[in-house]
Amino acid sequence: MKKLPEFKCRASAAGQIATKPRSKNDLISATSKTFIDAWVKEQLFGRQKSFSSKQIEKGIEMEEDAIEFASKIGIIGADAVKNETWFEDDFFTGTPDVIEADCVSDIKCSWDAFTFPMFADSIPTKGYELQLQIYMHLTQKKRSKLVYCLMDSPTHLIEKEARRVMYDRGETELSQELFDEMKSHMTYSNEPIEMRTRIFDVDYNEEVINDLKSKVMDCRSFIDLTIREKLEKIG
């Protein structure tokens with residue numbers, strides 16, 4: 001049986017291990033258990049659990065365009081480029097989107113205007129703030145930015161959405177009229193810049209990192225107490 005490596009938390013998964021268990025008798029939460037179950041299987045089978053959605057697809061495909069856009073309008077440095085360096089320490093791993101001299105930034109591409117946090121007073125997804133804390137910890141930065149950009153959707157996603165509507169209407173051919181209608185809903189480059197960006201500043205908080213380290217240790221204990229024992233019986 002393949003030996004499990006020591007568990008470390010990916011920055012993007014911080015929100016999943018940070019949830020508190022409902023019962024004092026539980027070492028980790030149900031959400032954390034689900035994540036650990038998937039992590040263990042990834043290690044044993046050498047395969048990554050896939051997450052696919054139109055929102056994720058747009059986010060991945062438009063990430064570099066969003067970084068260029070944010071750079072041009074001065075949200076991040078003029079020379080900022082997509083970071084490809086992977087960071088790791090005894091507890092965490094992660095690859096920040098943009099690293100500058102005194103700041104690390106994470107770029108999020110909203111699916112559309114209705115998922116774009118234009119008026120939010122705080123970061124809508126708690127896990128994103130924790131993700132930034134880990135990035136700052138790994139890169140030894142004290143400041144970070146979470147940058148939401150409302151970018152045009154790629155043509156193939158526009159066509160995919162148009163065809164979905166076409167099928168819902170019981171039609172068999174995609175008309176230019178329907179494609180243009182969907183394009184108008186899914187492109188935003190004609191809108192003012194200030195309506196297409198939203199920035200949240202996050203400062204480094206050592207207490208948050210210490211709490212996350214404790215959560216990592218709890219996950220390791222859970223793996224040792226439950227998962228490894230079951231694997232020994234299988235093996």
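Analyst: Axes here are lines fitted to C-alpha atoms, for helices over the stretch in contact, and angles run from 0 to 180 degrees between N-to-C directions. Helices are DSSP runs of H or I with at least four residues, strands are runs of E with at least two, and both are numbered from the N terminus. The model is predicted: local features need pLDDT of at least 70, side-chain atom pairs count only at pLDDT 80 or more, and totals for chains, interfaces and linings use all residues. Residues are numbered from 1 along each chain as its sequence is written, and side-chain values use heavy atoms, with hydrogens and water left out.

Helix α6 (residues 155–168) packs on helix α7 (residues 176–186) with the axes 9 Å apart and at an angle of about 120°. That angle makes α6 oblique to α7, since angles under 35 degrees count as roughly parallel, over 145 as roughly antiparallel, 65 to 115 as roughly perpendicular and the rest as oblique.

With contact meaning heavy atoms within 4.5 Å, α6 contributes Thr-155, Leu-157, Ile-158, Glu-159, Glu-161, Ala-162, Val-165 and Met-166. From α7 come Leu-178, Phe-179, Met-182, Lys-183 and Met-186. By class, the contact of α6 with α7 has 9 nonpolar, 1 polar and 3 charged residues. Ala, Val, Leu, Ile, Met, Phe, Trp, Tyr, Cys and Pro count as nonpolar, Asp, Glu, Lys and Arg as charged, and the others, Gly among them, as polar.

Elsewhere, helix α5 (residues 126–139) lies across β4, β5, β6 (143–149) and β7, running at about 145° to β5. Two strands pair if DSSP finds at least two bridges between them. The four strands form an open sheet in the order β4-β5-β6-β7, with mixed pairing. Its edge strands are β4 (98–99) and β7 (197–203), each of which pairs on one side only.
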